[in-house]
Amino acid sequence: MNETAQIAQRVKKVIVKSLELDIEPHEIADDESLFEGIGADSIAALEIVFALEEEFGIEVDDEDLRVELFDSVSAISRFIAEVLVDKQS
């Protein structure tokens with residue numbers, strides 16, 4: 001499993017836990033819209049951000065908080081992978 005896939009699995013777990021969803025993480029498709037698919041709203045998005053910051057030890061800047069970031073698990077995973085690479089540099 002590559003790094004982005006591992007990140008995606010962790011992201012799904014964070015989403016399920018932070019939103020207290022009654023589903024298993026693997027039930028969220030990587031390309032499923034978080035807003036349309038699981039019904040996340042702006043408050044849920046902030047809860048996800050706080051949980052992701054804690055899970056991955058990162059800080060999401062205000063300018064990074066845009067709808068495209070929460071388009072899907074894949075989008076979030078790519079963003080986190082980029083942040084982690086930048087953090088290591």
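This is a predicted model: local features need pLDDT of at least 70, side-chain atom pairs count only at pLDDT 80 or more; totals for chains, interfaces and linings use all residues.
Me: Where does Lys12 lie, and which residues is Lys12 in contact with, leaving aside its neighbours within four places in sequence?

Reply: Lys12 is part of helix 1. With those neighbours left aside, its contacts are Pro25, Ile28, Ala29, Asp30 and Val73.

Me: Val73 is on that list. Is Val73 buried or exposed?

Reply: Val73 has a relative accessible area of 0%, so Val73 is buried. Val73 belongs to helix 3. Not counting residues up to four places away in sequence, Val73 touches Ala8, Val11, Lys12, Ile15, Ile28, Ala29, Asp30, Glu32 and Leu34. Take Val11 from that list: the C-alpha atoms of Val73 and Val11 are separated by 6.8 Å, although the two residues are 62 residues apart along the chain.

Me: How do I read the packing of two helices?

Reply: Two packed helices are described by the angle between their axes and by the distance between those axes. Here the pair to look at is helix 1, residues 3–18, and helix 3, residues 73–88. Their axes come within 9 Å and cross at roughly 115°. The crossing of helix 1 past helix 3 is right-handed.

Me: Which residues make the contact between helix 1 and helix 3?

Reply: Helix 1 contributes Thr4, Ile7, Ala8, Val11, Lys12 and Ile15. Helix 3 contributes Val73, Ile76, Ser77, Ile80, Ala81 and Leu84. By class, the residues of this contact are 9 nonpolar, 2 polar and 1 charged.

Me: How many residues are in the largest nonpolar core, and which have the most contacts inside it?

Reply: The idea is to take buried nonpolar residues and join those whose side-chain atoms lie within 4.5 Å. In this model the largest such core has 28 residues. Those with the most contacts inside it are Val11, Ile15, Leu52, Phe56 and Ile80. Helix 1, helix 2 and helix 3 each supply at least two residues of this core.

Me: What does Val11 touch, not counting residues up to four places away in sequence?

Reply: Val11 touches Leu52, Phe56, Val73, Ile76, Ser77 and Ile80 on that count. Leu52, Phe56 and Ile80 are also named among the residues with the most contacts inside the core.

Me: How many aromatic pairs does a search of the whole structure find?

Reply: The search finds 1 aromatic pair. To class a pair, look at the angle between the ring planes: over 60 degrees counts as edge-to-face. The rings of Phe35 and Phe70 have planes at 75° and centres 6.4 Å apart, so this pair is edge-to-face.

Me: Where in the chain do Phe35 and Phe70 sit?

Reply: Phe35 is in the loop between helix 1 and helix 2 (42–56), and Phe70 is in the loop between helix 2 and helix 3. They are 35 residues apart, and the pair links distant parts of the chain. Phe35 has a relative accessible area of 28%, so Phe35 is partly exposed. Phe70 is at 5% relative accessibility and therefore counts as buried.

Me: What stands out about the phi of Glu20?

Reply: Glu20 has a positive phi of about 50° although it is not a glycine. Glu20 is placed in the loop between helix 1 and helix 2. Its relative accessibility is 70%, so Glu20 counts as exposed.

Me: Which residues does Asp64 touch, not counting residues up to four places away in sequence?

Reply: Asp64 touches Leu69 and Phe79. Asp64 lies in the loop between helix 2 and helix 3. Asp64 and Phe79 are 15 residues apart along the chain, and their C-alpha atoms are separated by 9.2 Å.

Me: Where is Glu55, and what is Glu55 in contact with once its neighbours within four places in sequence are left aside?

Reply: Glu55 is in helix 2, and its contacts are then Arg10 and Val14. At 37% relative accessibility, Glu55 counts as partly exposed.

Key
Residues are numbered from 1 along each chain as its sequence is written. Side-chain values use heavy atoms; hydrogens and water are left out. Axes are lines fitted to C-alpha atoms, for helices over the stretch in contact, and angles run from 0 to 180 degrees between N-to-C directions. Helices (H or I, at least four residues) and strands (E, at least two) are DSSP runs, numbered from the N terminus. A crossing is left-handed if the near helix is turned anticlockwise from the far one by less than a right angle, and right-handed if clockwise. Contact means heavy atoms within 4.5 Å. Ala, Val, Leu, Ile, Met, Phe, Trp, Tyr, Cys and Pro count as nonpolar, Asp, Glu, Lys and Arg as charged, and the others, Gly among them, as polar. Rings of Phe, Tyr and Trp (its six-membered ring) pair if their centres lie within 6.5 Å; planes under 30 degrees apart count as stacked, over 60 as edge-to-face and the rest as tilted. Buried means under 20% relative accessible area, exposed over 50%, partly exposed in between (1.4 Å probe, protein chains only).
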